[in-house]
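Here are a few exercises to work through with the model open in your viewer. Try each one before you read its solution.

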Amino acid sequence: MRIRVATSLDSEDIREVHLCAFSDGEKQKVSTLAVNLLSEETNPETISLVAEADGAVVGHIAFSPVTITNNKSWSGYILAPLGVKPEYQRRQIGSKLIESGMDLLSKMNVNIVFVYGDPKYYGKFGFKADVASRYSPPYELQYPFGWQAIAFYEDVFTDSTVKISCVVSLSDPELW
């Protein structure tokens, strides 16, 4: 298995990963999000990685920048989406995609990385609800317990809650 940076040439493979990995109720929205993030111009850049095995793309992850008002030196990202084709799950591919992305972000001096997902799974990587609790997501969450984060560097906000903003592709309340 090999992990590499995704390109626009991977868009159909990435779509297929998420169409296979997610349930009928989610797969269209998530696959569209993944492909849109691949082509969306963001500053800083969105990071999109694919995992290849047996000569094909079998997994994908994206990390897109988030912002807060009144602090240009602060840098944050959100992990979304993550998908692995079902026949390749339980082989640590998702874990390796997360670890590879987090390694890249830590080298970029990112302050914090958010995720909205299963605490049991993402907790294994160090994501914690209490770290995310000082940041309000852009939209109301259907499952608030899934809002988690990892802080790489000392956080500047300790007394109040700060609202984050996300890239255009994630600016859909149905994704939250």
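**Exercise 1.** Where is the place of P44?

Solution. P44 sits in the loop between α2 and β2; helices here are DSSP runs of H or I with at least four residues, strands are runs of E with at least two, and both are numbered from the N terminus. Before going on, some ground rules: this is a predicted model, where local features need pLDDT of at least 70, side-chain atom pairs count only at pLDDT 80 or more, and totals for chains, interfaces and linings use all residues. Residues are numbered from 1 along each chain as its sequence is written, and side-chain values use heavy atoms, with hydrogens and water left out.

**Exercise 2.** Describe how α1 and α2 pack.

Solution. First, the geometry: the axes of α1 (residues 11-21) and α2 (residues 27-39) come within 8 Å and cross at roughly 155 degrees. Axes are lines fitted to C-alpha atoms, for helices over the stretch in contact, and angles run from 0 to 180 degrees between N-to-C directions. The two helices α1 and α2 are therefore roughly antiparallel, a label for angles over 145 degrees. Second, the hand: α1 and α2 make a right-handed crossing, meaning that the near helix is turned clockwise from the far one by less than a right angle. Third, the contact (heavy atoms within 4.5 Å): α1 brings S11, I14, R15, H18 and L19, while α2 brings K27, Q28, V30, S31, T32, A34, V35 and L38.

**Exercise 3.** Which residues lie nearest the centre of the largest pocket, and which element gives the most to its lining?

Solution. A pocket is an open set of points on a 1 Å grid over the protein atoms alone, where a 1.4 Å probe fits, with protein on both sides within 12 Å along at least five of seven lines; lining residues have an atom within 4 Å of a point. Of the 39 residues lining the largest pocket, F22, L82, Y116, G117 and Y122 lie nearest its centre. Elements giving two or more residues to this lining are α2, β4 (76-84), α3 (93-107), β5 (112-116) and α4 (119-123). Top of the list is β4, with seven residues.

Definitions and conventions:
Angles under 35 degrees count as roughly parallel, over 145 as roughly antiparallel, 65 to 115 as roughly perpendicular and the rest as oblique.
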